[in-house]
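Biologist: Please show me the model, and then I will ask what the terms rest on.

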Amino acid sequence: MPLVFKPALSVIFAMSLGPWSAAQQAAPKPAQSPEGQPPVKLNLLNVCKPPAEELAEIRSVFTKAAVKPAFSRDFEVSRGRVTMKDSPDSKFVRLRRDMTPDSALMTTQYSMSMDEKDTVETLVLRSRDAKDFHEIAFEDRVSASAASPTAVLGVDTPVTRIRLERYGKKSIVLARCPDADQSALEPFFRDASDLMARYRKALGLRSAFRTDINWLNAEAAKPQGAKAAPKKASK
């Protein structure tokens with residue numbers, strides 16, 4: 001008798017599990033990382049309208065950065081060219097100034113880079129105390145065909161992007177979005193532009209740093225692939 005009922009019981013048991021098994025296959029499964037690898041975490045940033053608590057953090061950092069810059073005697077100036085596959089060549093000039101030990105900021109770095117499409121100014125302020133924030137960056141972008149690097153430096157171009165980096169937390173980004181209503185965010189862009197203008201002046205970008213900008217300007221004036229004219233032989 002047991003040999004007769006076992007197959008029948010197996011069929012009935014399988015039929016009772018049928019709908020449950022189908023539901024398990026149809027349900028989405030959470031993504032699994034390869035064995036031994038940490039799970040991948042994605043953070044979505046609302047750069048057009050960050051939430052109120054993130055805007056409050058940006059405002060707090062503005063207050064810390066608004067004090068008069070106190071530079072030490074240490075600084076670094078560099079310039080160069082960057083080539084990347086499937087991207088146009090980019091040239092840059094960069095100035096880094098260390099801050100005095102009693103300053104809430106540790107370093108200030110300004111850079112201007114350009115390729116055949118855009119000229120980009122970036123100011124990065126790095127905090128001395130990581131509990132407050134790691135760094136905040138201000139950026140503006142101008143079409144390379146609209147103005148030379150010297151002309152861009154000659155005016156206080158408004159900031160179009162703000163990025164706040166924090167240890168152990170996701171970044172906070174506020175950027176200009178042409179298709180979004182950002183009228184309530186205008187004070188943030190205005191204050192960011194005022195801060196960048198203040199640091200342009202304090203860093204002496206239009207005086208001591210102008211020679212390096214002129215190098216970038218000369219590079220921009222060269223046609224792509226242009227070769228130096230041969231020197232005439234002296235008689």
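Biologist: Which strands does helix H2 lie across?

Modeller: Helix H2 (residues 52-65) lies across strand E4 (118-127), strand E5 (135-143), strand E6 (161-165) and E7, and runs at about 85° to E7. Helices (H or I, at least four residues) and strands (E, at least two) are DSSP runs, numbered from the N terminus. Angles run from 0 to 180 degrees between N-to-C directions of lines fitted to C-alpha atoms, for helices over the stretch in contact. This is a predicted model, where local features need pLDDT of at least 70, side-chain atom pairs count only at pLDDT 80 or more, and totals for chains, interfaces and linings use all residues. Residues are numbered from 1 along each chain as its sequence is written, and side-chain values use heavy atoms, with hydrogens and water left out.

Biologist: What makes E1 and E7 edge strands?

Modeller: The open sheet has the order E1-E2-E3-E4-E5-E6-E7, with antiparallel pairing. Strand E1 (71-82) and strand E7 (172-175) each pair on one side only. Two strands pair if DSSP finds at least two bridges between them; E2 (residues 90-99) and E3 (residues 105-114) have 8 bridges.

Biologist: Why are H2 and H4 called roughly parallel?

Modeller: Their packing angle is about 25°, with the axes 11 Å apart. Angles under 35 degrees count as roughly parallel, over 145 as roughly antiparallel, 65 to 115 as roughly perpendicular and the rest as oblique. H2 and H4 are therefore roughly parallel to each other.

Biologist: Which residues of H2 meet H4?

Modeller: Leu55, Ile58, Arg59, Phe62 and Ala65 in H2 do, with Phe188 and Asp191 among their partners in H4; contact means heavy atoms within 4.5 Å.
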